[in-house]
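Me: I'd like to learn how to read a structure feature by feature. Could you take me through this one?

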Amino acid sequence: MKILIVGSRGMLGTDLMETFAPVNETTGMDLPQIDITQPDQCRAKVEDLRPDIVINAAAYTQVDACESNENAAFQVNGRGAANLAAAAASIGALLVHYSTDYIFDGRKQGAYFEEDAPNPQSVYGKSKLLGETLILQNCPDHLILRTSWLFGRNGNNFIRTILGAARKGNPLRVVNDQEGSPTYSRDLAIHTRRMIEAGCRGVYHVTNSGSCTWFGLASNALVWAGMGNTPIAPVSTAEFPRPAPRPANSVLANARLQREGLPLM
């Protein structure tokens, strides 16, 4: 297959490149090669390359920064996704896109299913939901993968932040009343390939198994990194206010994968 990976230098994008390149004709693009907020540029790049599959790993993921940069968030996460969807549709290509647990409000008791009604509380969540909506309108052949709490070897993420703070000798205070499913970007990249090969279409929840709080994740990361003696205290969301509201529960049930007999991560 001929594949275009947009956002190829990001945390997930680098893992996607490593996963797809050995077995496919794979091209990676990122800024400044392609700006997904520019529809003409998206169409020109896609029509020139004519891939079978366009994978969109580009996003504005700085959740707190989105609150003060609302226009940029909606341009990248909403209109940018639509631009790639329209470009993919123009040549009959499949669009693969990544969405987020933050499209839900976190008030549900139990894990969220694909069919549950979104109700995002943050600009980030609202912009990602717009991206989903516009993809449905612009590209019939699509695969939307909602994931959560992504971490990986490349790029900034929660685990790297925690370990960096610990190395500086700072005592840590970490929220202990938000629960989700940490997901390893390399696992997600490999599973994306498996799902494409299985012919999956539509919306799926795709996360690593199990769940924990941010405090639980931080505590275990410190132990695994040999820094288990670092002082770390659990705090409530109210004690640790952030610009963007976070869902208290953002655990995603990988329900469609289970129903269809597909492997879980």
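Reply: Gladly! Let's start with a term: helices here are DSSP runs of H or I with at least four residues, numbered from the N terminus. Keep in mind that this is a predicted model.

Me: With that in hand, in which helix is leucine 130 found?

Reply: Leucine 130 belongs to helix α5, which spans residues 123–138.

Me: Is leucine 130 buried, partly exposed or exposed?

Reply: Buried means under 20% relative accessible area and exposed over 50%, with partly exposed in between. Leucine 130 has a relative accessible area of 28%, so the residue is partly exposed.

Me: What is leucine 130 in contact with, leaving aside its neighbours within four places in sequence?

Reply: Its contacts, with those neighbours set aside, are Phe74 and Gly78. As for distance, leucine 130 and proline 241 are separated by 111 residues in sequence and by 26 Å in space, C-alpha to C-alpha.

Me: Let's move to the sheet. In what order do the six strands of the open sheet come?

Reply: Reading across, the order is β2-β1-β3-β4-β5-β10, and the pairing is parallel. At the edges are β2 and β10 (202–205), each of which pairs on one side only. On average, neighbouring strands of this sheet are turned by 20° against each other, direction ignored.

Me: Over how many bridges do β1 and β2 pair?

Reply: There are five bridges between β1 and β2, in the parallel sense. Within this pairing, isoleucine 5 stands opposite glycine 28 in β2.

Me: Which strands does helix α2 lie across?

Reply: Helix α2 (residues 39–49) lies across β1, β2 and β3, and runs at about 155° to β1. Helix α4 (residues 70–90) also packs on the sheet: α4 touches β1, β3 and β4, and its direction makes about 160° with that of β4.

Me: How many residues of helix α1 are buried?

Reply: Eight of the ten residues of α1 (residues 11–20) are buried, and the helix is mostly covered. Among the buried ones are Met11, Leu12 and Phe20. Their cover includes the strands β1 (2–6), β2 (25–29) and β3 (53–56), along with helix α7 (185–197).

Me: Now the aromatic rings. How should I read a pair?

Reply: Two quantities describe a pair of aromatic rings: the distance of the centres and the angle of the planes. A search of the whole structure finds five aromatic pairs. In one of them, phenylalanine 104 and tyrosine 112 are stacked, at 4.3 Å centre to centre and with 15° between the planes. Both phenylalanine 104 and tyrosine 112 are buried.

Me: Why does the pair of phenylalanine 151 and tyrosine 184 count as stacked?

Reply: Planes under 30 degrees apart count as stacked. The planes of phenylalanine 151 and tyrosine 184 are at 25°, with the ring centres 5.4 Å apart, so the pair is stacked. Phenylalanine 151 lies in strand β6 and tyrosine 184 in strand β9 (residues 183–184), so the pair ties together parts that are 33 residues apart in sequence. Phenylalanine 151 is partly exposed, at 22% relative accessible area, and tyrosine 184 is also partly exposed at 22%.

Me: Which charged end sits over the ring of tyrosine 204?

Reply: That is the charged end of arginine 256, 3.9 Å from the ring centre.

Me: Finally, how many disulfides does a search of the whole structure find?

Reply: The search finds zero disulfides. For cysteine 200, the nearest cysteine sulfur is that of cysteine 139, 16 Å away. Cysteine 200 is buried, with a relative accessible area of 3%, whereas cysteine 212 is partly exposed at 21%.

Key: Residues are numbered from 1 along each chain as its sequence is written. This is a predicted model: local features need pLDDT of at least 70, side-chain atom pairs count only at pLDDT 80 or more; totals for chains, interfaces and linings use all residues. Side-chain values use heavy atoms; hydrogens and water are left out. Buried means under 20% relative accessible area, exposed over 50%, partly exposed in between (1.4 Å probe, protein chains only). Helices (H or I, at least four residues) and strands (E, at least two) are DSSP runs, numbered from the N terminus. Contact means heavy atoms within 4.5 Å. Two strands pair if DSSP finds at least two bridges between them. Axes are lines fitted to C-alpha atoms, for helices over the stretch in contact, and angles run from 0 to 180 degrees between N-to-C directions. Rings of Phe, Tyr and Trp (its six-membered ring) pair if their centres lie within 6.5 Å; planes under 30 degrees apart count as stacked, over 60 as edge-to-face and the rest as tilted. A charge sits over a ring if NZ of Lys or CZ of Arg is within 6 Å of the ring centre and within 35 degrees of the ring normal. A disulfide is a pair of cysteine sulfur atoms within 2.5 Å.
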